[in-house]
Amino acid sequence: MATGKQGHLPGMMPVVDSQEEVRHPTEWFYWNAERRCPRFIGITVSERKQSMLLDLSPDELLTTTRSVRKRLDFSRPVEPEVIRECLEIAVQAPTGGNRQTWSFVVVTDAAKRQAIGDLYRQGYEIYTQMNAPYVAQALQKPELAETQQKVKSSADYLAEHMHEVPVMLFPCIRGRLDGTSNLEQAGVWGSILPAAWSFMLAARARSLGTVWTTIHLFKERETAEILGIPFEKITQAAMIPVAYTLGTDFAAAKRQPLDNIVHWDQW
Ligand SMILES: Cc1cc2nc3c(=O)[nH]c(=O)nc-3n(C[C@H](O)[C@H](O)[C@H](O)COP(=O)(O)O)c2cc1C
């Protein structure tokens, strides 16, 4: 697997030595700006260690953040501080009324990952059976068959190995949505999904792979029990497995033409 730009050291961010002397915040901002790092208000160099970033333009980052399953490196631990960095970026996302009623549960404990992996596999069984007619139909269409086959094989692999991912992230939002209007739902989902996607982009920039998954939600209550999430008050939006990737080159995906889906002024 090509490592692409990872090998181009000049394009990567240096790890700041945590022993480095404290700099004046103004100097820190300037120092950061030069290196295209996010600027964290009032935090000095000695307090913060910046991860190495891949040399990706904004458009490259946005178009190559794929669902990574078969290229997750289960053997390499993910440093908690890198997860924190991604979360600090994630919470720059918008929320309705700036309410910020989000929470993020980061799971690294092996027994909990095993238990959640088991629940995911139970959900995956249900999903596979529900989805079987659609998959069978897609496999008969030449234009869909190859992609669908790849997604299925990749999703099967992830289900089988879910407990091995070093980190699972659960983006959560306050409230339950049962019986609520579309207006309320849009406000709630819109206050957590952008942050979760920002987390995935920040992770990709740091050579981490992620996948948006929801299949554990067949067992949301059981997951809540394992993690101590108050189910009656808190909704889980997704579960994002996180691991370093095997190689860092990912391509843009093929999507249907814009003309099929974009309407100007009139549907
Ligand atoms: C709402 C949503 C739910 C998803 N749930 C799962 C899931 O439970 N398991 C999984 O392996 N992938 C899941 N995916 C990932 C999709 O399969 C993936 O985004 C799609 O195949 C396109 O691939 P790409 O993300 O690499 O472009 C989900 C994606 C979304 C947006």
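Tutor: Let us do so, bearing in mind that this is a predicted model. Helix α4, residues 110-139, has 30 residues, yet its end C-alpha atoms are only 37 Å apart. A straight helix at 1.5 Å a residue would reach 44 Å.

Student: Where does α4 bend, and by about how many degrees?

Tutor: The bend is at Asn131 and amounts to about 55 degrees. A proline, Pro133, follows within four residues.

Student: Which residues of α4 are buried, and what covers them?

Tutor: An α-helix has 3.6 residues a turn, so residues three or four places apart point the same way. In α4, the buried residues are Arg113, Ile116, Gly117, Leu119, Tyr120, Gly123 and Tyr124. Their cover includes β1 (102-107), α5 (142-161), β2 (167-174) and α8 (220-227).

Student: How many residues does the largest nonpolar core have?

Tutor: In soluble globular proteins, nonpolar side chains tend to be buried together. Here the largest nonpolar core has 44 residues, and Val78, Val167, Met168, Ala196, Phe199, Ile240 and Val242 have the most contacts inside it. At least two residues of this core come from each of α3 (80-90), α4, α5, β2, α7 (193-205) and β5 (240-244). The most are given by α7, with 7 residues.

Student: Which residues surround the ligand, and how do they divide by class?

Tutor: Around the ligand lie Arg66, Ser67, Val151, Ala155, Leu158, Val211, Trp212, Thr213, Thr214, Ile215 and Ala253. By class, this shell has 7 nonpolar, 3 polar and 1 charged residues.

Notes. Residues numbered from 1 in each chain as written. Predicted model: local features only at pLDDT ≥ 70, side-chain atom pairs only at ≥ 80, totals over all residues. Near = placed C-beta within 6 Å. Nonpolar A, V, L, I, M, F, W, Y, C, P; charged D, E, K, R; others polar. Expected span 1.5 Å × (residues − 1). Bend = angle between axes of the 7 residues up to and from the residue. Buried ≥ 20, exposed ≤ 12 C-beta atoms within 10 Å, placed from the backbone. Contact = placed C-beta atoms within 7 Å. Core = buried A, V, L, I, M, F, W, Y, C linked by C-beta atoms within 7 Å.
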